[in-house]
Amino acid sequence: APEGTRAGNDYRSPGPFALGVCGPDWWQAAKMYRTWALRQPWTSEGPLTTRESTPDFCKNLGLWFVGGGTEEQVTGNLRRAADFFGVPVGLHWYSWHRWPFDTHYPDYFPAIPDFRAAIEQVVPEGKVIMPYINGRIVDKDVDAFARWLPWTAKGVDGKPYNEAYGNGVNQAPMCPATEVWQTTIPEICDRLIGEYGVNGIYID
C-alpha cells in the first residue's frame, strides 16, 4: 500500500500514561482529571482571570455573539449590542469563507469580501472577530482529498474514518501527529491574522 495508507500498531507514546475505570458518570471522571490537571505545567499560572498570558479581551469580554453576514450587518449588530449592553462584545463568525459551511475543508480562502471590510471597521474599536475553522477534518467529497489521504486517521482496514454532520458531507479526520497537519492549521491561522486582521480564532 502507498505510504501513509496502511494501518499499523507501531505507535509509541512519548510519555507515560495511565488507564483506569471510574464512575458512575462523567462527573467523577472530570473530578479525577481536574485533580491531575491542576498539578501540570499548563495550569501553573492559576485561574484564567489572573494569568498574564491570557489576553485582556478574553478576561473582560462581556458578550459573545454567534453569526456572520454582510459588512453592514456585522458592524451594525456589534455596535448596537455594545451600546445597548454597555460591555465589550465579540463575534464568533461562521461562514466567512467562500464555500458553504462544512464543505471543502481545509480550503477556506479567499474569504467573502465583507469579512475583511467588517474586521477593518470593528477590530480597531476594541471588538473581537473570531472566525470558526475546523481543526481536525477534511472534505472527502472534493478532488483535493487525494492530497490529504495519506495523512488521514485510518482504521485497521487502512481506510480513512468517515464522519458526516448536518449537511451529509463525508469528512475524514486528520492525524494530528503528522507534520503536514501540524503545519496546515497554523498556516490558516497565520493568514487569518496577518492578511485579514482577526483578533481571535476558534479551532473546532
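Good morning. In this predicted model, local features need pLDDT of at least 70 and side-chain atom pairs count only at pLDDT 80 or more, whereas totals for chains, interfaces and linings use all residues. Residues are numbered from 1 along each chain as its sequence is written, and side-chain values use heavy atoms, with hydrogens and water left out.

I begin with the core. In soluble globular proteins, nonpolar side chains tend to be buried together. A nonpolar core here is a set of buried Ala, Val, Leu, Ile, Met, Phe, Trp, Tyr and Cys residues joined through side-chain atoms within 4.5 Å. Buried means under 20% relative accessible area, exposed means over 50%, and partly exposed lies in between, with a 1.4 Å probe and protein chains only. The largest nonpolar core holds 32 residues, and those touching the most other members are Trp93, Trp96, Phe115, Ile129, Ile133 and Leu192. Two or more residues each come from helix 3 (71-85), strand 2 (89-93), helix 4 (113-122), strand 3 (128-133), strand 4 (137-139), helix 5 (145-148) and helix 6 (179-196). These elements are DSSP runs numbered from the N terminus: helices are H or I with at least four residues, and strands are E with at least two. Which element gives the most to this core? Helix 6 does, with 6 residues.

Let us now look at helix 4. Its buried residues are Phe115, Ala117, Ala118, Ile119 and Val122, and what covers them includes helix 3, strand 2, strand 3 and helix 6. Contact means heavy atoms within 4.5 Å. Leaving aside neighbours within four places in sequence, Phe115 is in contact with Trp93, Trp96, Ile129, Pro131, Leu192, Tyr196 and Val198. Gln121, also placed in helix 4, is partly exposed, with a relative accessible area of 28%. Not counting residues up to four places away in sequence, Gln121 touches Glu71, Thr75 and Arg79. Gln121 and Trp181 are 60 residues apart in sequence, and their C-alpha atoms are 33 Å apart in space.

I turn to the aromatic rings. A pair of aromatic rings is described by the distance of the centres and the angle of the planes. Rings of Phe, Tyr and Trp (its six-membered ring) pair if their centres lie within 6.5 Å; planes under 30 degrees apart count as stacked, over 60 as edge-to-face and the rest as tilted. The whole structure contains 16 aromatic pairs. Why does the pair of Tyr33 and Trp36 count as tilted? The ring centres of Tyr33 and Trp36 are 5.5 Å apart and the planes stand at 50°, so the pair is tilted. Tyr33 and Trp36 are 3 residues apart in helix 1 (residues 26-37), and about one helical turn separates them. Tyr33 is partly exposed at 47% relative accessible area, and Trp36 is partly exposed at 38%.

A second tilted pair is formed by Phe115 and Tyr196, with 5.7 Å from centre to centre and 50° between the planes. This pair links distant parts of the chain, Phe115 in helix 4 and Tyr196 in helix 6, 81 residues apart. Are Phe115 and Tyr196 buried or exposed? Both are buried. Phe115 and Tyr196 also belong to a cluster linked by ring pairs, together with Trp93, Trp96, Tyr105, Tyr108 and Phe109.

Next comes the loop between strand 2 and helix 4. Most residues other than glycine have a negative phi, and most peptide bonds are trans. Pro106 lies in this loop, and the peptide bond from Tyr105 to Pro106 is cis, with omega near 0°. Pro110 is placed in the loop as well, and the bond from Phe109 to Pro110 is likewise cis, with omega near 0°. Asp102, in the loop, has a positive phi of about 60°, and Asp102 is buried at 10%.

Finally, the second largest pocket has a volume of about 300 Å³. A pocket, on a 1 Å grid over the protein atoms alone, is an open set of points where a 1.4 Å probe fits, with protein on both sides within 12 Å along at least five of seven lines; lining residues have an atom within 4 Å of a point. The volume is the space filled by probe spheres set on the points, which are joined across faces, edges and corners. Of the 15 lining residues, Pro106, Asp107, Arg147, Trp148 and Thr184 lie nearest the centre. Helix 6 supplies the largest share of the lining, 5 residues.
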